[in-house]
Amino acid sequence: MKEELEYLLSRVGFKAHPNEQRAILEAVNEHRFFLVAGGDQAGKSLEASKGFLAKWFEDMSKFEGEDLLYWFVAADYERTRAEFDYVYEDFVHLFGESNVYVTKRVDPGYIEVMPRELRRGRQRKATIRIETKSAKDPRRLAMRAPHGIVICEASQVDLNTYERCQGRVAPTRGWIHMSGSFESSLGWYPQLWRGWQAPGRLQRSFSLPTWSNLTLFPGGRNDPEILRLERENSDQWFMERMAGIPMPPKGLVFDEFRPDIHVREATWNPDKQVQIWIDPGYAGAFALEAAQEIDGQMRVFDEIYQQGLTTDQIADVAKSLPWWGRAFDGPGIVGVADVAAQQHQAMASVQEVWLEKTGVWLGGRKVDINEGTERLKSFLKPDPISGEPKIIFDPKCSGILSEFGAVGSPIDGQERAYRWRMDREGNIVGHTPEDKNNHGVKAVIYGLVDRYGLGYVGSGTNGAKRSKISVKRW
């Protein structure tokens, strides 16, 4: 640990245990985005508060003389309480109670420090301000950009909140520190943990196991209580809840999907043509993914993902989207749908209903499931030079993100990932995935294959370069 940080922590009366706890605090200033997955009773809130202290101390030099603003964000205000109280106590130790003001409540609340040590000649005092934020009130995540954000109990925050926090620290080139326990091994939080394991990156993840808290478990990994919990519970529960390590999810069709790479804000561009990709459904889900190609990258910026609605009703929902009218009258809207949905005998096909209701013709072609899967996988693969994937998804597209295993289903909140068929031992059976939880995925596959074919990206039929899309207007 750096001498300065060691001195700072000693001033607040904290001494890190000589194990994972110390290793995490020694590394916290080496990475801008930091994730700590903790076991139960591991001291996650204490680690987050001391990690904040380390980042703040570095910011004092980086932003010398400036007022510093920080956010403590959680699923609700009360979940910020532990970190809030720890940091208040630390600042009182550092600057004296008379220089630190704290609100009694955290809903919302703030800590403000106006220390004498920060005087710069005749300039006024620089201040340090920490504000609590609730993910239940997203409007409060759209104010002045903070220098850093602590996301408390991060596994209970949704992906959209995490993406908002990413956007808020961008103007200041600020940092994000996340801590929390794994609720399961699926979702955006475990996926980030896995993606950030490699050292030497802008991001880094660590595990803070329960037994690293030597105050409660003096025997460490071999503490009798830890060994009892390991013996009496499943391996998955022990690894997730005690070790802070997610068990590798089995059977995900798109295991290369990464929230930190493939999920980011994708704003509708009024100067670009909109493509709508549709997989019709009623009992499962009707999925419509809206995308644009910008700078050679497909950006899925909006989605309709509904259960129990007819094609007529979905068409009405589509026409009410804020961008629909301007896109239809401007650069245009082109559509693709499941070709099988266009072949009904006794009633109007989805293609016919959609044309009548919206004026947009839905093209399409038959796509083999495995060939389509490989086409989408090729778009998820980051470019080896730029690191950019060929397709990204806005965080509000929760339907398809749930199929990738990044979030819960928007229909019932449950985990509904698209998986391969598996036997009781967890082995993949057969050569095709289960035909469920794939409505958004299939819609995207139809669109990518219709636009790019099954060959290399940028190729049309028979490998020819495709620079235009045929559009039919009525």
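**A walk through the sheet, its helices and the cores**

Let's begin with the sheet: eight strands form an open, mixed sheet in the order β3-β4-β5-β2-β6-β7-β1-β8. At its edges are β3 (100-102) and β8 (203-208), each of which pairs on one side only. On average, neighbouring strands are turned by 15° against each other, direction ignored. Helices (H or I, at least four residues) and strands (E, at least two) are DSSP runs numbered from the N terminus, and two strands pair if DSSP finds at least two bridges between them. Keep in mind that this is a predicted model, in which local features need pLDDT of at least 70 and side-chain atom pairs count only at pLDDT 80 or more, while totals for chains, interfaces and linings use all residues. Residues are numbered from 1 along each chain as its sequence is written, and side-chain values use heavy atoms, with hydrogens and water left out.

Within the sheet, β6 (residues 148-151) and β7 (residues 175-180) pair in the parallel sense over four bridges. Ile149 has Ile176 in β7 as its bridge partner. Helix α3 (residues 44-62) lies across several strands, including β6 and β7, and runs at about 170° to β7. Such angles run from 0 to 180 degrees between N-to-C directions, with axes fitted as lines to C-alpha atoms, for helices over the stretch in contact.

Ser155 lies in the loop between β6 and α5 (159-169). Ser155 counts as buried because its relative accessibility is 17%; buried means under 20% relative accessible area, exposed over 50% and partly exposed in between, with a 1.4 Å probe and protein chains only. Leaving aside neighbours within four places in sequence, Ser155 is in contact (heavy atoms within 4.5 Å) with Ser181, Glu183 and Tyr189.

The largest nonpolar core has 54 residues, and Met178, Phe393 and Phe404 touch the most other members. A nonpolar core here is a set of buried Ala, Val, Leu, Ile, Met, Phe, Trp, Tyr and Cys residues joined through side-chain atoms within 4.5 Å. Helix α15 (residues 439-452) gives this core its largest share, eight residues. Beyond neighbours within four places in sequence, the contacts of Phe404 include Leu252, Phe257, Phe393 and Val441. A second, separate core of 40 residues includes Phe14, Leu25, Phe52 and Tyr77.

Finally, helix α7 (residues 224-232) packs with helix α8 (residues 235-243) at an angle of about 145°, their axes 8 Å apart. Ile226, Leu229 and Glu230 of α7 meet Trp237, Phe238 and Met242 of α8.
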